[in-house]
Amino acid sequence: MKKYLIIAAVSAAAFTSVSFVSPSTAEAAYCTARSPYASGWGQGNLNYARRRALHECAIRTPRGYTCYITSCSY
């Protein structure tokens, strides 16, 4: 019985520490990028969200056109 209580306490402590360290979806940045022909979005930390949005837009945009970040929210 004591073994199970120790395992439960360690599991609860591990879960609590991880939930405070890792950002949830609500705390992540969300960015969108647009070009005249396409759009893209990304979600994660700010740097990743911006790069992902630009990449998603760029793969759908014809050569010679540029994608721009239109918005980011935290």
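Student: How many helices and strands does the protein chain have?

Tutor: There are 2 helices and 3 strands in the protein chain. Helices (H or I, at least four residues) and strands (E, at least two) are DSSP runs, numbered from the N terminus. Before we go on: this is a predicted model, where local features need pLDDT of at least 70, side-chain atom pairs count only at pLDDT 80 or more, and totals for chains, interfaces and linings use all residues. Residues are numbered from 1 along each chain as its sequence is written, and side-chain values use heavy atoms, with hydrogens and water left out.

Student: Which pattern does the protein chain follow along the sequence?

Tutor: Reading along the sequence, you get α-β-β-α-β.

Student: Which residue does Cys31 join?

Tutor: Cys31 is joined to Cys72, with an S to S distance of 2.0 Å. This pair links distant parts of the chain: Cys31 sits in strand β1 (residues 29-34) and Cys72 in strand β3 (residues 68-73), 41 residues apart. The angle about the S-S bond is 115°, and the link is right-handed.

Student: And the other one: where are Cys57 and Cys67?

Tutor: Cys57 and Cys67 form a disulfide with their sulfur atoms 2.1 Å apart. Cys57 belongs to helix α2 (residues 46-58), while Cys67 lies in the loop between α2 and β3, 10 residues apart. This link is left-handed, with -85° about the S-S bond.

Student: What pattern do the disulfides follow?

Tutor: Count the bonded cysteines along the chain and you get 1-4, 2-3.

Student: Is Cys31 buried or exposed?

Tutor: The idea is to look at relative accessible area: buried means under 20%, exposed over 50%, partly exposed in between (1.4 Å probe, protein chains only). Cys31 is buried, because its relative accessible area is 0%.

Student: What percentage of the 74 residues of the protein chain count as buried?

Tutor: That comes to 22%.

Definitions and conventions. A disulfide is a pair of cysteine sulfur atoms within 2.5 Å.
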